[in-house]
Structures are given as C-alpha cells and as structure tokens.
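I am opening a notebook on this structure. The entries below record what I looked up, in the order I looked.

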Protein chains: 2
Amino acid sequence: MTPAFEKLQKQLRQLPGLGFRSAERIALHLLVEKPARLPELVEALQAAAATVRRCPRCGNLAEDGLCAICADERREQGVVCVVEHVPDLVAMERSGAYRGVYHVLHGRLSPIQGVRPEDLNFEALFSRVADGGVRELILALSNDVEGEATCHYLTQHLPAPANGVEVKTTRIGFGLPSGGGVLYADSVTLKSALDGRRHYE
Amino acid sequence: MTPAFEKLQKQLRQLPGLGFRSAERIALHLLVEKPARLPELVEALQAAAATVRRCPRCGNLAEDGLCAICADERREQGVVCVVEHVPDLVAMERSGAYRGVYHVLHGRLSPIQGVRPEDLNFEALFSRVADGGVRELILALSNDVEGEATCHYLTQHLPAPANGVEVKTTRIGFGLPSGGGVLYADSVTLKSALDGRRHYE
C-alpha cells in the first residue's frame, strides 16, 4: 500500500499470534474503518508503558508500590509460588486454584542462551526468605533441563530465615507435561499439578 | 493486573480478530517480554496516522498525491473497478487477476443504516467518468440488496463522458457467493468472478 502502512503492518506482525493477513486487517481497521481508535490505542500503549513497572517485592506487574497480589491481605503471604514469567502467573491466577503469592524470576538459568543467576530476580526472593516471611516455596518452573537447573540453583542458594523456621520447598509436578511450561497448561492440569506437588531437595 | 494494563488490553480487544486471551498475550509481550517494541509500535501507528490519507482520484490509501495504483502507468487506467472498501481492493490485488485501476466508495447505500449517496465517494467517480478517462466500469460491490441498490444508483447517475465514448458498465458476478462481499472471497473465486462479469443496466 504505502510505506507508512507497510511499516505499521510490519510492526504488528511482530506481535505474538499475528500473521501477515491479521496484521494487514488490523492496520486497515485502524487507518480506514475506525481511525478514531488509533489515537486511543496509542494513548493506552503510552500510559501503560509510563505507569506499569515491576512490583518491588515479587516482580509482577504493578503501578505504584506493591502489585495487587502482594497488597491483598486475603492471600496467604507466607506461601510463595516461584514462576519464570508474568504470563505464567496469569495462567496460575486463571486456574483459580492458588491462594498464595508469587515471585517472578523473569526467566530461567540457561548457559546456552547466556542467562546467568545475576540476570534473574533471585536476590529479592532470597531477601524475602531471609526476612522470615516465607513458610513454603512452590517452584512452578518449566519441566525441562533449564527449569530443573534453576530449581537446583535456587535451593542451593536459599538463605537461612532470620526466625529459624525451616522453609518447606516443593516443586510443582503432577500433571505438567514434559518439555512444557506453565503458560500452555490448562486450568485442570494446573490444579492437579498444585495438588500433586512434592518435596524438592 | 493493573488499571493501565487492563485499559491497554481493552483497546487491543477491540481490534479485529483479537479476543481476550490474544489481547492479554500481546499486552504482556509489549510490557514485559519486548518492551523495546512498544515505542516502535507507537511510532509506526503515529507515522501512519499522520501520513496515510485518501488518494484524491480513487479513495485508496495514499501518502503524497496519487496512490501507488493510480500512479502506475502500467495499469490500465481506463478500466475502473468500483469497490466498497479498501480491504476489498487489497483482496482484489491479492488475486493478481486484475490489471486496471480502482474506485473506493468507502461504503454502500443503506437506508436502514442511514448511509446516503452524499456519504459515499460518488462525486469523484462521476468526475472521472465525465472527464472521459473511463472505458469500462466493473462494479465489484457486494452480492446483496445494498450492493445491488448501490449499483443501481451508480448507473442511474452516471454522467455522459465529455468525449462521447460510451462507458461499458459490468457487474462482477460469476463466483461471488450470495450474501458475501469481496473481502472474504478467495483468489480463485475472485478470478472467476472477474472472468464471468456481465453487462449491467
């Protein structure tokens, strides 16, 4: 069509789940069918980029201060589910099977892809454990070599809690298909995986 | 998640083809996974909104002056295919079956939805015909009551060309399924529809 149109289409195609045709359809929608929506979308994108940041406690999405889950007193603040990414947390929440809180590592250890411990959100987790506020850690990391390596590193480097109470560490397990992550599991699978968690050491 | 996140997700859900999950996935992608892409997308949206306008001759998308098709001397400038919307033109182009030019009405007559002749891009088409540059008009409007009404209005109001040469008016026909528009037809159907066009009066 035109250079600016094609540039927009190219940007849209890089979004997850959008191919050539769907990007074209959205670009036409925003430029021809509903041009009033384009500035609204730009505004929503800019507002989200300007205000959404990481929760200082758990790494989830937040605006001011703690995220909605860390700030919710009805959640079990002593039970912490460790996930790789924010979408994993979203999938867990969708299952409705979990009433504790989270810790988002924002990745997993991968020597091949050059992801080292200092690249992940480990320090904040170790502080939470050292402060004594964590009763149980549920490791909901991917069921593959890198997820396993991340679990291993995490348990090896877990500090002793200030109050001397041992932290129970479990690994989400039953039901998660081999080679797959939390993101793609359905709610029933996630529920059984939570129920079937086993002690990890 | 957060208010700004949910507002962005809501905006994304209004785009064609995106549901709740795909909008959530794209919002997380832009805010967590690839935050560098968000300003690039905003820039592409703003650049397209600022530069893309209607071709003064045919109503297709253009930047400065005529659109790429009107400006292309290898296209048959005397054969004009009349379509309802820009996506219809895109579908025709995709079929590769057409070497003429276009005229985009930006809708079709609909007394029920309050679309009157003055709301559509008729005047520019009548000027093109009156100027004598049009040898054939191919009416590629939807195969339904409103498309038919639009064809009827168009042929009734067609001016006499300045050079006195009669304009051959055809209606795209063979192959287009009843009740459907050009947008959803596949390339083979569009090709046969072009080949099977018939005289319209």
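Which pattern does chain A follow, read along the sequence? I read α-α-α-β-β-β-α-β-α-β-α-β-α-β for chain A. I note at the start that this is a predicted model.

**Entry: chain A overall**

I counted seven helices and seven strands in chain A. I looked up the extent of the C-alpha trace of chain A and found about 65 × 35 × 35 Å along its principal axes. Of the 201 residues in chain A, 50% are buried. I then took the contacts in chain A with a separation of 6 or more, and found that 55% of them join residues 24 or more positions apart.

**Entry: the two copies**

How is chain B laid on chain A? I found that a turn of 180° with a shift of 0.0 Å along the axis does it, at an RMSD of 0.0 Å. The two copies are therefore related as by a two-fold rotation axis. The same surface serves both copies, since 100% of the contact residues of chain B recur in chain A.

**Entry: helix H2 in both chains**

I checked the length of helix H2 of chain A, residues 20–33. At 1.5 Å a residue its 14 residues should span 20 Å, and the end C-alpha atoms are 18 Å apart, so the two agree.

Which residues of H2(A) are buried? I listed A:Ala23, A:Glu24, A:Ile26, A:Ala27, A:Leu28, A:His29, A:Leu30, A:Leu31 and A:Val32. For H2(B), I listed B:Ala23, B:Glu24, B:Ile26, B:Ala27, B:Leu28, B:His29, B:Leu30 and B:Leu31 as buried.

I then looked up what covers these residues. For H2(A), the cover includes helix H1 (3–13) and H3 of chain A, together with H3, strand S2 (61–62) and H4 of chain B. The buried residues of H2(B) pack against helix H3 (37–51), strand S2 (61–62) and helix H4 (86–95) of chain A, and also against helix H1 (3–13) and helix H3 (37–51) of chain B.

**Entry: the parallel strands of chain B**

I started from strand S3 of chain B, residues 76–83, which is mostly covered, with six of its eight residues buried. S3(B) runs parallel to S4(B), and five bridges join them. In that pairing I found B:Val104 of S4(B) as the bridge partner of B:Val83. From S3(B) the chain crosses through helix H4 (residues 86–95) of chain B to S4(B), and I noted this β-α-β crossover as right-handed.

S3(B) is also joined to strand S5 (residues 136–139) of chain B, by four bridges and again in parallel. There I found B:Cys81 with its bridge partner B:Ile138 in S5(B).

Which strand does S5(B) pair with over four bridges, in the parallel sense, when I look at residues 168–171? That is strand S6 of chain B. B:Ile138 stands opposite B:Thr170 in S6(B). I also noted that S5(B), helix H6 (residues 145–156) of chain B and S6(B) make a right-handed β-α-β unit.

I looked at A:His106, in the loop between strand S4 (100–104) and helix H5 (122–130) of chain A. A:His106 has a positive phi of about 60° although it is not a glycine. Is A:His106 buried or exposed? A:His106 counts as buried because its relative accessibility is 16%, and the cut-off is under 20%.

In chain B, B:His106 lies in the loop between S4 and H5. Its phi is near 60°, a positive value in a residue other than glycine. B:His106 is buried, with a relative accessible area of 16%.

B:Asn121 lies in the loop between strand S4 (100–104) and helix H5 (122–130) of chain B. With a relative accessible area of 18%, B:Asn121 is buried. Leaving aside neighbours within four places in sequence, I found B:Asn121 in contact with B:Cys58, B:Gly59, B:His103, B:Val104, B:Leu105 and B:His106.

**Entry: a record for chain A**

I looked up UniProt, where an unreviewed entry lists residues 55–70 of chain A as "zinc finger region: C4-type". In the model, the end C-alpha atoms of residues 55–70 of chain A lie 8 Å apart. I noted this span as 0% helix and 12% strand.

Conventions. Residues are numbered from 1 along each chain as its sequence is written. Chains are lettered from A and ligands numbered from 1 in the order in which they are written. This is a predicted model: local features need pLDDT of at least 70, side-chain atom pairs count only at pLDDT 80 or more; totals for chains, interfaces and linings use all residues. Side-chain values use heavy atoms; hydrogens and water are left out. UniProt positions are given in the numbering used here, feature names are shortened, and annotations may be inferred rather than shown by experiment. Helices (H or I, at least four residues) and strands (E, at least two) are DSSP runs, numbered from the N terminus. Buried means under 20% relative accessible area, exposed over 50%, partly exposed in between (1.4 Å probe, protein chains only). Contact means heavy atoms within 4.5 Å. Two strands pair if DSSP finds at least two bridges between them. A crossover is right-handed if, with the strands pointing away from the viewer, the path from the first strand over the helix to the second runs clockwise. Copies are superposed by least squares on the C-alpha atoms of residues with pLDDT of at least 70 in both. The expected span of a helix is 1.5 Å times one less than its number of residues.
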